[in-house]
Each structure stands twice: as C-alpha cells, then as structure tokens.
Amino acid sequence: MMSRRQLREQIFKLLFRVEFNAPEDMPEQKELFFEEAGSASEKDQSYIQEKYEKIREKLPEIDAALNEASKGWKTSRMGKVELSILRLAVYEILHDETVPSSVAINEAVELGKKYAYKQDCSFINGVLNSCLEEIENDRD
C-alpha cells in the first residue's frame with residue numbers, strides 16, 4: 001500500500017502526461033502508466049485513477065482559478081511540471097475534503113522540490129497561497 005505522498009506523486013505523473021498527449025490518446029497512456037507503475041496494488045491504482053479522472057473533469061475550473069491567482073502568469077505560459085503540480089494542489093484545495101489546504105500546498109512544494117527547479121518552489125507556493133486567498137474571499 002502506497003502512502004498518501006506516493007499516491008499524490010503517481011497522480012502528478014499521470015497528470016503530467018496530459019500535457020504531451022491528445023485527449024483521445026490518454027486511455028492508452030493510462031494503461032502504459034499503470035504497466036510502468038507495476039507494483040501498485042489494485043486499491044492504489046483505483047485511487048490514482050479516480051482522483052486523476054476527477055481532476056481532468058475539473059480542469060477548466062482549476063485553470064480558471066490558477067489564471068486568476070497567478071498575477072501576470074497564465075496557465076498557457078507555465079512550465080508543464082509546475083502546472084501539473086498546481087492543478088493537483090488546486091483540485092485538493094477546492095474539491096478534496098480529506099486534504100487540508102495547508103497539506104495540499106506543502107505537498108505541492110515537496111513535489112516541486114523533487115521535480116521542478118528550486119526557484120519554482122516559491123512560485124508554486126505563492127500561486128497556491130494566492131489561490132487559497134481568492135477561494136476564501138469568494139466564500140465570505
């Protein structure tokens with residue numbers, strides 16, 4: 001059984017593939033992904049797949065939130081690694097009640113440390129904090 005952090009990392013990797021493949025190619029890409037992941041249990045694969053699908057469903061809303069929060073940066077200009085990390089975190093902040101916002105942001109920064117350039121971690125952190133402020137203002 002994978003830890004939450006490991007599951008999140010797998011979801012990030014699957015989301016990252018979205019940036020390089022046409023939507024009609026993603027079913028095949030998902031199959032390849034799970035073949036490569038190999039050791040993931042059926043339960044873990046199911047969790048990864050479900051969360052990935054939920055994020056894909058909400059991409060227009062997630063990208064709108066990111067575009068609003070990232071002053072001067074549109075999602076179309078963001079690096080693909082950073083964008084995939086941000087999308088996962090924004091989904092968790094907006095739609096995953098099991099993940100506190102502070103955890104979503106912290107985990108995104110940790111993914112950034114592993115997969116992005118060092119300076120991108122502060123960008124990820126800043127955009128997500130700004131996003132969180134926007135969300136909280138909208139709720140008031």
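R8 lies in helix α1 (residues 4-18), helices being DSSP runs of H or I with at least four residues, and strands runs of E with at least two, numbered from the N terminus. The model is predicted, with local features requiring pLDDT of at least 70 and side-chain atom pairs pLDDT 80 or more, whereas totals for chains, interfaces and linings use all residues. Residues are numbered from 1 along each chain as its sequence is written, and side-chain values use heavy atoms, without hydrogens and water.

With a relative accessibility of 6%, R8 counts as buried (under 20% relative accessible area, 1.4 Å probe, protein chains only). Leaving aside residues up to four places away in sequence, R8 touches L88, E92, V99, V103, E107 and L111, where contact means heavy atoms within 4.5 Å.

Helix α3 (residues 42-57) packs against helix α4 (residues 59-69) at an angle of about 65°, and their axes are 5 Å apart. Axes are lines fitted to C-alpha atoms, for helices over the stretch in contact, and angles run from 0 to 180 degrees between N-to-C directions. The two helices α3 and α4 are therefore roughly perpendicular to each other (65 to 115 degrees). In this contact, I55, R56 and E57 of α3 meet L59, P60 and I62 of α4.

The protein chain contains seven helices and zero strands. Of its 140 residues, 45% are buried. Among contacts with a separation of 6 or more, 68% join residues 24 or more positions apart. The C-alpha trace spans about 40 × 30 × 30 Å along its principal axes.

Terms used:
Parallel < 35°, antiparallel > 145°, perpendicular 65-115°, else oblique. Buried < 20%, exposed > 50% of the residue type's maximum accessible area, 1.4 Å probe, protein only.
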